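Subject: Handover of the structure and what was found in it

Dear colleague,

I am passing the structure on to you with this email, and my notes on it follow below. Please read them with the sequence and the model open beside you.

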Amino acid sequence: MIKLGFYPGCSLEGSSREYSESVMAIAKKFDIELVQVPDWNCCGASAAHNMSKELALSLPARIIALAEKAGFDELVVPCAACYNKITVTKHELFEDVTLKERVKDIISLDYTGNIKILNVIQMIEKYIIKDIDFKLENKFLHKVACYYGCLLVRPTKILQFDRPEDPQSMDNVMRAIGAEPIDWAFKTECCGAGLTVSRPDVVNKLSGNIVEDAISRGAEAIVVACPMCQANLDMRRPGIDKYLNKKTTIPVIYLTQAIGLATGCTEKELGLQRHFVPVNLS
Amino acid sequence: MSNTNTHTLKKHTLSGDIKEHTDVSTAKCYQCGKCSAGCPVVNDMDFPPSLLLRMLQVESDQIDEKVLRSLTIWLCLSCEMCIGRCPQEVDIPKAMDYLRSVSLKKNMQNPKAKHIIQFHRAFLDSINYTGKLYEMGLIADYKTRSLNLMQDVAIAPSMYAKGKLSILPEMVKDLKNVKKIFNKTIKDKEGR
Amino acid sequence: MSRIGVFICHCGENISATVDCEKVAKVSGFLPGVAFSVDYKYMCSDPGQNLIKDAIKEHKLTGVVVAACSPRMHEPTFRRATAEAGVNPFLCEMANLREHCSWVHEKGDATTNKAIDIVRSLVAKVKRNQALYPIKVPVTKTALVIGGGVAGIQAALDIANTGHKVIMVEKEPSIGGHMSQLSETFPTLDCSQCILTPRMVEVAQHQNITLFTYAEVESLEGFIGNFKVKIRKKAKSIDEKACTGCGMCTTKCPQKKIKSEWEQGLGVRPAIYVPFPQAVPNKPVIDRINCTYYKTGKCKICEKVCPTKAIRFEQEDEVIEREVGAVVVATGYDIKRTDFFPEYGYDKHKDIIDGLQFERLASASGPTKGEIRRPSDGEIPKNIVFVACAGSRDVAKGIEYCSKICCMYTAKHAMLYKHKVHDGNAYVFYMDIRAAGKGYEEFTRRAIEEDGAKYIRGRVSKIYEKNGKLIVVGADTLMGAQQVEIEADMVVLATASIANKDSKDLAHKLHVSYDAHHFISEAHPKLKPVETNTAGIFLAGACQAPKDIPESVAQASGAAVKVACLFSNDELTREPIIAVVNRLAPPAYSTCTGCFLCEKVCPYQAITREEIKNREGNVIRNLAVVNPGLCQGCGTCVALCKSKSIDLQGYSNDQVYAEVAAVLDTI
């Protein structure tokens with residue numbers, strides 16, 4: 001039984017509950033115990049860095065400090081935005097000692113920044129992929145478009161995860177469960193991110209282009225690892241359909257849900273009923 | 001209006017401030033346009049990113065004000081596509097963050113960015129009060145600020161039915177700590 | 001007894017503006033050993049030099065100190081004057097009162113006192129100077145030219161035409177280099193092979209040139225005028241003397257579909273092949289990696305059909321040794337390939353090609369007989385996009401320099417395309433148009449004004465494929481950085497020029513310097529563009545930095561002249577500022593203990609071992625000895641030697657300590 005620190009973030013507790021459910025479901029299947037960071041706070045997402053640099057650093061720093069206090073060596077952060085913000089904060093405070101001291105003073109907590117941050121794909125690569133063949137029950141025989149979004153792979157110099165153009169890590173995981181990931185052009189193009197409430201027209205356009213490209217290349221599902229992207233591609237589908245001037249039915253599922261389906265988890269365990277675009281993948 | 005004084009060397013410039021606070025050097029930009037070409041929202045911006053950089057390079061008060069009053073800085077998604085492709089490694093997202101904070105400080109926000117800023121404020125208010133995002137509270141706060149009462153009304157019931165919305169907020173226990181963070185940063189007069 | 005003459009120069013006002021030259025001359029006159037001291041306005045002038053010469057004769061001077069500018073300026077001048085007055089030139093030293101004193105300080109007593117100190121230290125040194133005589137080394141009048149591209153060919157022909165012998169080594173089966181792959185050259189649109197092949201043939205037929213193709217330099221030893229080179233002749237599997245170049249083997253070879261390197265992967269060749277029809281020499285080689293016989297032991301069809309029985313399957317590499325006096329490095333360049341660009345899909349898309357591939361498509365002798373066709377389906381592209389600055393001027397990609405030739409060849413490509421596809425659209429995404437050569441600006445304007453190429457100022461952010469077309473997303477910065485999307489049938493990337501991948505290894509073999517990008521370094525970027533820091537090794541062409549054909553040819557001729565200069569003497573004269581290991585009478589022989597640490601540290605491999613034999617012929621001692629031809633007088637060995645057995649002529653320990661002591665005024 002591996003024990004890992006776990007930072008769900010606000011989306012996983014709220015509007016993207018199914019992501020959390022599927023992460024916990026496959027963690028259970030692969031003997032991983034995910035322990036939440038005690039008393040964790042919101043990482044600030046895009047709002048904080050849009051409005052205040054120090055706030056944007058302090059909120060993730062508090063999370064790291066609490067995780068370290070709890071004694072975790074590794075912290076799994078399934079939300080791509082939280083993963084990005086926490087990792088970038090860790091890097092910036094490492095580079096600038098004065099800034100680190102200032103932030104430590106703001107959060108009034110001990111902070112070293114030595115903890116390792118893993119996004120969901122890294123967690124799968126490290127702890128799950130080796131046992132996948134063994135636990136595979138139904139091959140995920142579908143053509144999928146793996147959508148990484150912006151925050152998993154950029155900024156490259158800091159995250160150092162996969163290649164920024166045409167990344168392959170998620171594609172490889174999907175291949176391991178029997179899927180056929182397609183080659184497509186919008187793997188890392190932004191979905192519209194945090195403008196989902198204030199400028200839904202922008203989201204409809206950007207997410208619409210993503211859905212259109214995936215469909216035109218024969219994808220049966222879009223696989224994501226970010227709750228923001230999932231919401232934009234799924235919940236905002238009516239707006240997207242209006243922009244594309246047609247009805248689209250391609251479902252948007254989390255990578256963890258795909259793995260869950262392939263390893264015998266039930267639809268309810270994976271929260272598939274919570275999706276707006278029905279997920280009909282047998 | 002004559003622009004003859006737009007290119008003279010000035011002591012205190014927005015470009016210089018950016019360099020001082022973020023270490024981003026606008027001089028590095030040679031206007032290749034790769035950032036603008038790859039920016040997902042460029043067609044909705046008033047100034048594409050490479051043009052915004054040129055405006056900063058000119059170092060004129062009038063044009064600096066145009067930068068701070070632009071919609072561009074608020075529409076920017078921080079998707080980092082620009083710096084991912086920039087041959088000169090100019091950290092545009094970092095510069096954008098700084099420009100946003102200056103724009104707020106000088107109260108020069110573009111009126112078209114009203115809703116965007118209101119959303120950010122509503123989001124941060126929610127965290128200030130509970131430590132975690134309370135979506136109902138966020139939406140209520142945003143609607144109050146933006147008076148955009150009818151938006152997303154249709155979606156709320158489905159969200160609730162699918163278990164995606166909590167009626168009550170979940171609070172961080174050490175709320176005092178969270179409030180202190182806000183007081184020392186965004187709520188501080190000197191805060192950045 | 002020393003009789004030193006001290007001559008203080010005002011250098012116009014350069015020195016006298018801040019230093020009281022009269023006072024320095026006066027004070028120096030009182031130094032022990034100084035017989036004559038004077039100041040004058042311009043020492044380097046004729047009257048100034050005559051002043052020195054007359055003084056030497058009149059006062060019977062045994063040494064001269066000229067306190068003036070830097071020795072880098074006028075040491076030869078004053079040494080010549082001293083020699084003309086009958087005194088060994090190495091008994092003349094310069095004290096630098098200008099760069100070391102007057103130019104860097106304000107006017108005042110402190111400055112004058114510093115000048116006095118400097119003169120005193122040089123006087124102390126000169127008292128200990130010894131007469132030295134220039135060293136002569138013999139010269140082998142054969143040149144080695146590494147590389148058979150246009151630069152190597154030009155250099156070889158020029159040197160051969162001065163009457164000296166040339167050995168040319170080319171690693172490919174044929175000479176010609178990249179120029180032979182081009183279709184037409186800018187700015188004249190001359191057919192590239194038409195102007196090159198006569199030169200190639202001339203090289204092959206020239207009585208003074210020995211050509212080794214499919215060969216590489218294995219090692220280079222020695223020093224200027226006296227190099228020993230080992231050349232590895234790779235096994236061609238052919239007896240070149242028996243082969244007539246009839247080509248029967250190449251037509252009958254059953255392995256026909258091997259990707260041709262010369263065609264940049266767009267065409268095919270057999271396993272026994274001549275890279276292109278005009279190859280020089282026009283004799284085939286066998287590609288042992290792909291040949292059926294070497295893989296399975298079967299086939300041998302070429303041997304069966306060869307009318308002169310010239311096939312030699314068992315042939316092995318042969319390493320030969322030659323003596324040469326000078327080396328010209330002309331190994332050329334390479335280019336980045338399409339896999340270097342993540343934002344353009346790495347090398348996923350067959351219809352995104354690089355500049356050399358386009359040249360092959362445009363060539364009449366190319367894989368598509370000169371028609372521009374898409375590599376994917378052979379269709380003629382109606383919309384073609386040229387991307388300039390692909391990889392160059394790009395700090396993020398590690399190539400911050402400009403590749404110089406791409407603006408020109410992109411304009412050329414656009415023109416060639418328009419000439420062949422009249423109703424096609426040619427778009428060029430550019431940042432600047434660098435067209436500085438003769439006729440170049442007019443050439444690029446022609447592409448835009450007469451041939452209708454559409455130039456868009458901005459870089460391309462992304463290229464992806466959709467419905468069989470390539471979507472090119474760029475910006476038009478002159479239109480306010482507006483996004484521009486073009487549906488292209490084909491994209492040509494003007495990729496960055498880079499050093500050859502073996503460039504670094506060759507530089508190590510030759511002991512020449514190279515820069516961070518593995519281009520060979522010139523000795524001085526302004527004044528010595530065709531010399532390297534290693535005496536006797538010259539360079540020409542794109543191996544030094546990206547450049548076009550006229551520049552490569554000019555440089556090659558320049559390098560050839562340097563070689564001819566070298567060969568115009570039967571002996572080379574070198575300055576005697578070299579290290580010498582002491583030798584004493586037997587039984588001591590030398591204080592050298594034979595530890596040979598000096599041999600290890602010498603950067604020029606100038607120290608070797610000398611065997612001291614007794615009368616019976618048995619070796620009783622091994623002592624270090626310095627090769628006067630190679631030693632550059634750096635002094636590393638002198639500093640290192642624990643027994644103080646090596647000293648530097650002209651800068652002996654004695655001399656240097658005296659200088660230092662004099663400055664500290666303890667002498």
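Before the rest, two notes on conventions. The model is a predicted one, in which local features need pLDDT of at least 70 and side-chain atom pairs count only at pLDDT 80 or more, whereas totals for chains, interfaces and linings use all residues. Residues are numbered from 1 along each chain as its sequence is written, chains are lettered from A and ligands numbered from 1 in the order in which they are written, and side-chain values use heavy atoms, with hydrogens and water left out.

The two domains of chain A

Chain A is divided into domain 1 (2-120) and domain 2 (136-274), the bounds coming from an automatic or database domain assignment. The C-alpha centres of these two domains of chain A lie 23 Å apart, and the contact between them (heavy atoms within 4.5 Å) takes 25 residues from domain 1 of chain A and 25 residues from domain 2 of chain A.

The area buried between domain 1 and domain 2 of chain A is about 2,100 Å², 68% of it given by carbon and sulfur atoms; buried area here is the accessible area (1.4 Å probe) that two parts lose on being put together, summed over both. On the side of domain 1 of chain A, the residues that lose the most area to domain 2 are Glu18(A), Ile26(A) and Lys29(A), which together make up 23% of what that side buries.

Two salt bridges are counted between domain 1 and domain 2 of chain A, a salt bridge being a side-chain nitrogen of Lys or Arg within 4 Å of a carboxyl oxygen of Asp or Glu. Arg274(A) forms a salt bridge with Glu21(A), with 2.5 Å between the closest N and O atoms.

The elements that give two or more residues to the side of domain 1 of chain A that touches domain 2 are helix H1 (9-13), helix H2 (17-29) and helix H5 (80-95) of chain A, helices being DSSP runs (H or I, at least four residues) and strands likewise (E, at least two), numbered from the N terminus. The largest share of that side, nine residues, comes from H2(A).

The interface of chain C and chain A

Here eight residues of chain C are in contact with ten residues of chain A. The area buried between chain C and chain A is about 830 Å², of which carbon and sulfur atoms give 41%, and Tyr346(C), Lys462(C) and Lys466(C) supply 51% of the area that chain C buries against chain A, more than any other three residues.

Across the interface of chain C and chain A the rule finds five salt bridges, and Lys348(C) forms a salt bridge with Asp183(A), its closest N and O atoms being 2.8 Å apart. Eight residue pairs are in polar contact between chain C and chain A, both at pLDDT 80 or more.

Ala475(C) is in strand S25 (residues 469-476) of chain C, and it counts as buried because its relative accessibility is 0%, the cut-offs being under 20% relative accessible area for buried, over 50% for exposed and partly exposed in between (1.4 Å probe, protein chains only). Leaving aside residues up to four places away in sequence, Ala475(C) touches, among others, Gly33(B), Ser36(B) and Ala37(B) of chain B as well as Phe429(C) and Ile456(C) of chain C.

The peptide bond from Phe186(C) to Pro187(C) is cis, with omega near -5°, and Pro187(C) is found in the loop between strand S8 (184-185) and strand S9 (190-191) of chain C. A cis peptide bond also joins Val280(C) and Pro281(C), with omega about -5°.

Gln31(B), a residue other than glycine, has a positive phi near 60° and sits in the loop between helix H1 (14-22) and helix H2 (34-38) of chain B.

With best regards

Methods: A polar contact is a pair of N or O atoms within 3.5 Å; within protein, one must be able to donate a hydrogen and the other to accept it, and residues adjacent in sequence count only if both atoms are side-chain atoms.
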